[in-house]
Amino acid sequence: MVLDSTWNTGPLTRTERFLLKLAAPAPSIIPARSLPALMARASAVTPEARSDATRAFSHMTKKQFIEVWKATVMFVDPDPSYRTSIPLCLIRGAHDKTGNIATAMPRWADTVGATEHVVPGAGHLVTQDAPDAVTAIMQAFLATIPNAA
């Protein structure tokens, strides 16, 4: 199961390649005191999820956050011929505006023949914005896998 993630091995458009180069240095221009709340607003939709995200982001220094952000960006390594050998369940929040997730996940699903589940009322932190909906999707997916229990 992949939740609110870009297609790390999928092809990138010219614009996506350009934006990926900007992704690592971009947070450096944001004031440290503003970063946790800004990231929480970008990541979550519900007040509860935003509050928890602000709390979590506040535990990192700006330097640590930038290092994590850089490491995350490095996971994007286009290899359009790569296919996973296991069943794939793709889940994203309908309001996920982070990176290219909203455009990459549907392409990924179409290319590999997987189902993309789009959860209404949820953002990037889909499990916090809509835990019951995500749990139901996961349970339904697992029910299709022989011997998953």
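Which residues does Thr-98 touch, not counting residues up to four places away in sequence? Thr-98 touches Ala-42 and His-124, where contact means heavy atoms within 4.5 Å. A quick word on the ground rules: this is a predicted model, so local features need pLDDT of at least 70 and side-chain atom pairs count only at pLDDT 80 or more, while totals for chains, interfaces and linings use all residues. Residues are numbered from 1 along each chain as its sequence is written, and side-chain values use heavy atoms, with hydrogens and water left out.

Thr-98 sits in the loop between strand 2 and helix 5; helices (H or I, at least four residues) and strands (E, at least two) are DSSP runs, numbered from the N terminus. Thr-98 has a relative accessible area of 18%, and that makes it buried (under 20% relative accessible area, with a 1.4 Å probe and protein chains only).

Now for the pockets. A pocket here is an open set of points on a 1 Å grid over the protein atoms alone, where a 1.4 Å probe fits, with protein on both sides within 12 Å along at least five of seven lines; lining residues have an atom within 4 Å of a point. Grid points are joined across faces, edges and corners, and a volume is the space filled by probe spheres set on the points.

| Pocket | Volume | Lining by class |
|---|---|---|
| Largest | About 960 Å³ | 20 nonpolar, nine polar, three charged residues |

With about 960 Å³ of space in the largest pocket, 32 residues line it, and the closest to its centre are Ala-23, Trp-69, Val-73, Thr-98 and Gly-99. Helix 1 (14–23), helix 2 (35–43) and helix 4 (62–74) each give two or more residues to this lining. Helix 4 supplies the largest share, five residues.

On to helix 5. Ile-101, Ala-104, Met-105, Trp-108 and Ala-109 are buried in helix 5. Seen down the axis, these buried residues fall within an arc of 130 degrees, so they line one face of the helix; the arc is that of the directions from the helix axis to the C-beta atoms. Their cover includes strand 1 (2–3), strand 2 (89–93) and strand 3 (115–119).

Notes: Nonpolar A, V, L, I, M, F, W, Y, C, P; charged D, E, K, R; others polar. Buried < 20%, exposed > 50% of the residue type's maximum accessible area, 1.4 Å probe, protein only.
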